[in-house]
Amino acid sequence: MTQIRSLDIQSVTGEDLDLVGRLLHDLNLEVEDETPTAQVLAARVAELLGGGDAEILLSEDPVGGIAIVRLRKAIWTPQLEASLVELYVVPELRRSRLERQLVEAAMTVARKRGADFMELAVGSSDVRAREI
C-alpha cells in the first residue's frame with residue numbers, strides 16, 4: 001500500500017513544496033487550464049499551510065499523487081465542513097488505486113480535524129474522476 005503523508009507548516013521542506021507545485025502545475029496543464037509556474041504554486045501552498053485551514057496530502061513510494069482539503073466552519077452543524085479541492089495523480093500511476101487511497105486519506109484527515117461533512121465536486125465531463 002502506498003504511503004500518504006500529510007504536510008504541515010512545522011515540518012514541510014522546500015523539496016516537498018517544489019513537488020506539490022510541480023504536481024499542481026502538471027494538473028492544470030493536463031486539463032488545459034491556465035496555470036502559474038510551479039514555483040508560484042509552491043509559494044501559495046506554503047501560505048495555505050500557514051493559514052491552518054488546509055491539509056495537503058502527498059503520496060510517497062511512489063511519489064506522484066496529491067490531495068488538498070480545505071476546512072471551514074459549517075452552517076448546518078457545529079462541526080467543520082471539508083472540501084476536497086484538488087486531487088491529482090500522475091498519468092503513469094493511475095488505475096493503481098492511488099486516487100482512491102488519496103480520497104480515503106483526505107476523509108480521514110478531515111474527520112481528525114473535526115469535519116463531519118466533506119464535499120467533492122467533479123466536472124460532468126471528467127468521466128475518469130467520477131469513476132473514483
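Which residue in β2 does Ser-6 stand opposite? In this predicted model, local features require pLDDT of at least 70 and side-chain atom pairs count only at pLDDT 80 or more, while totals for chains, interfaces and linings use all residues. Residues are numbered from 1 along each chain as its sequence is written, and side-chain values rest on heavy atoms, with hydrogens and water left out.

Ser-6 faces Leu-57 in β2. Strands (E, at least two residues) and helices (H or I, at least four) are DSSP runs numbered from the N terminus, and two strands pair if DSSP finds at least two bridges between them. β1 and β2 (residues 54–60) are joined by five bridges in the antiparallel sense. The open sheet comprises five strands in the order β1-β2-β3-β4-β5, with mixed pairing. Because β1 (3–7) and β5 (115–119) stand at the edges with a single partner strand each, one side of each lacks a neighbour in the sheet.

Contacts are defined by heavy atoms within 4.5 Å; angles, from 0 to 180 degrees, are taken between N-to-C directions of axes fitted to C-alpha atoms, for helices over the stretch in contact. Helix α2 (residues 38–51) packs on the sheet, touching β1, β2 and β3 (65–73), and its direction makes about 125 degrees with that of β2. Helix α3 (residues 98–112) lies across β1, β2, β3, β4 (80–89) and β5, at about 155 degrees to β4.

Just after α1, Glu-32 adopts a positive phi of about 60 degrees.
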